[in-house]
Amino acid sequence: MEAYPLETRRVAQIGIIVRDIEAASAAWAKLLGCDVPKWHWTEAYEQARTEYQGQPTQARAKLAFFHLENLDIELIEPDEHPSTWRAWLDEHGESVHHIAFEVDGMAARTESMTQAGLPLLQRGEYTGGRYAYFDGASSARAVIELLENDRR
């Protein structure tokens, strides 16, 4: 089989942009019949080294995760700094933002994705790994996120 840009079919999560993390978490918990998860802030620039459209940004977001049997639902409440999250909320309102895939070799996958015509929107680090969002609107009709977790 010919190589393809993602080189994975491991879907990790569906990300949803929200205006109020607490209200959205309560609504999802009620729908799923589970406890409301605690939310946390993404890491500050000094740790995350977040870049949006090729430029450093102080952007942060509140995140809450629902760990389901087959994938996670990630709720994201962005702050006011420039980010793919803030741009999405301003342009589309509260809605599904991305589909995330687990990958190995983020640098190689990033190169493959950009060569396949999916521009890099935002990237950063988190404790235990890194992420990258790609603009797949014109081809895949969705923002595609890659997640690479460090092996322990």
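Trainee: Hi! Is Arg86 buried or exposed?
Mentor: Arg86 counts as buried because its relative accessibility is 12%, and buried means under 20% relative accessible area, exposed over 50%, partly exposed in between, with a 1.4 Å probe and protein chains only. This is a predicted model, where local features need pLDDT of at least 70, side-chain atom pairs count only at pLDDT 80 or more, and totals for chains, interfaces and linings use all residues. Residues are numbered from 1 along each chain as its sequence is written, and side-chain values use heavy atoms, with hydrogens and water left out.

Trainee: Which backbone oxygen does the Arg86 side chain reach?
Mentor: That of Pro78, at 3.4 Å.

Trainee: And where is Arg86 placed?
Mentor: Arg86 is in helix 3; helices (H or I, at least four residues) and strands (E, at least two) are DSSP runs, numbered from the N terminus.

Trainee: New topic: what order do the strands of the open sheet have?
Mentor: The 10 strands go 2-5-6-1-7-10-9-8-3-4, with mixed pairing. Two strands pair if DSSP finds at least two bridges between them.

Trainee: Which are the edge strands?
Mentor: Strand 2 (40-41) and strand 4 (55-56), each pairing on one side only.

Trainee: How many bridges join strand 1 to strand 7?
Mentor: Six, and the two strands, residues 11-17 and 95-102, run antiparallel. Gly15 stands opposite His98 there.

Trainee: In what sense do strand 7 and strand 10 pair?
Mentor: Parallel, over five bridges, with Phe101 opposite Leu146.

Methods. A polar contact is a pair of N or O atoms within 3.5 Å; within protein, one must be able to donate a hydrogen and the other to accept it, and residues adjacent in sequence count only if both atoms are side-chain atoms.
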